[in-house]
Amino acid sequence: MIQDLLIAIDNSAGSEPFLDTAIAFAERLDAFAKVTMISAGPLAAAEFAPFGAIYVPEDVLRSDEAARLEEVRARLASAKVPVELRGISDDVAWVAGDLRRSHPLADLLVVGPADSWEVPWLHRRVVETLLLSTGTPLLLLPTQSTLAGVGHAVLGWKPSREAIRTVHDLVAIADPGAVIDVVVVDEKAEGAADQPGVADLIQHLARHGFNATAHVIATGDSAAEALEEFTLRHKADLLAVGGYAHSRVREVVLGGVTRDLLGSARVPVLLSH
């Protein structure tokens, strides 16, 4: 049961519509909402991130952050659930690390789409940090979403650790008896029975009381787009996928499907790692 949400926003006015959506989601769950506002130092232009920082005196930055926190606090005053607000501020290159070191603890992390953040690079970095460092599932929630429950979910499947983690997280949040479409994206679109692990997965979900069916769809131009289109076409509440990542020297880069969904998700997406 989801009782404790952590909602991450940046300090721009563009975050306000998403914040309203996220608080409405918390109200539908009757869950405690912890809102973290992330303030990055000013940049010459958003597309320069993480470079192009502009010097502004520290006292001015702190004053601006305090004023923005008060604006957000006023916006949250009418929430029908308990809400806690805090701010984290630092240079754009380091603020996501500050968030990680704060050890955020929640049942579910909630972040808006990239266009609700002033600096898209920071959005991607914050999602990457939360997803890969907390062990907590992350919900990417489109700004106009009215997600109230998960009675019908699409589970993007590939035999991997991340996908199995996604199964466990989806089982924990899906409504009892929910319909779950297990979808394999395959270039050859071969039969579901031939896909590794699918038969066992369907049985596992059935033992949990879910109505699970396997599907195999062609890749097309993008696996992420194919999964989104399937979710929209079948009017599912949620798309659940593993939050894949590829290790590189001194950094972790999100996998292609995860990265594509972060950039253009049109449906609520549950990411697990």
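Predicted model: local features only at pLDDT ≥ 70, side-chain atom pairs only at ≥ 80, totals over all residues.
Trainee: How do you know that the span of helix 4 agrees with its number of residues?

Mentor: Helix 4 covers residues 120-134, and at 1.5 Å a residue its 15 residues should span 21 Å. The expected span is 1.5 Å times one less than the number of residues, and because the end C-alpha atoms of helix 4 are 21 Å apart, the two values agree.

Trainee: Which residues of helix 4 are called buried?

Mentor: The buried residues of helix 4 are Trp121, Leu122, His123, Val126, Val127, Glu128, Thr129, Leu130 and Leu131. For the chain as a whole, buried residues make up 48% of the 273 residues.

Trainee: Why is Asp169 counted as buried?

Mentor: Buried means under 20% relative accessible area, and Asp169 has a relative accessibility of 10%, so Asp169 counts as buried. Asp169 lies in helix 5, which runs over residues 161-173, and, leaving out residues up to four places away in sequence, Asp169 touches Pro137, Leu270 and Ser272.

Trainee: What makes strand 9 and strand 12 a pair?

Mentor: Two strands pair if DSSP finds at least two bridges between them, and 4 bridges join strand 9 (residues 238-242) to strand 12 (residues 269-272), the two strands running parallel. Within this pairing, Val241 has Leu271 of strand 12 as its bridge partner.

Trainee: In what order do the 10 strands of the open sheet lie, and what is their pairing?

Mentor: The order of the 10 strands is 3-2-1-4-5-12-9-6-7-8, and the pairing in this open sheet is mixed. What makes strand 3 (83-90) and strand 8 (211-217) the edge strands is that each pairs on one side only. Neighbouring strands of this sheet are turned against each other by 25° on average, with direction ignored.

Trainee: What makes you say that helix 1 packs on the sheet?

Mentor: Contact means heavy atoms within 4.5 Å, and helix 1 (residues 16-29) touches strand 1 (4-10), strand 2 (32-40), strand 3, strand 4 (108-111) and strand 5 (138-140). The direction of helix 1 makes about 175° with that of strand 1. Helix 2 (residues 58-76), for its part, lies across strand 1, strand 2 and strand 3, and runs at about 160° to strand 3.

Trainee: How many helices and strands are there in the chain?

Mentor: The chain has 8 helices and 12 strands.

Notes. Residues numbered from 1 in each chain as written. Heavy atoms only, no water. Buried < 20%, exposed > 50% of the residue type's maximum accessible area, 1.4 Å probe, protein only. Axes fitted to C-alpha atoms, helices over the stretch in contact; angles between N-to-C directions.
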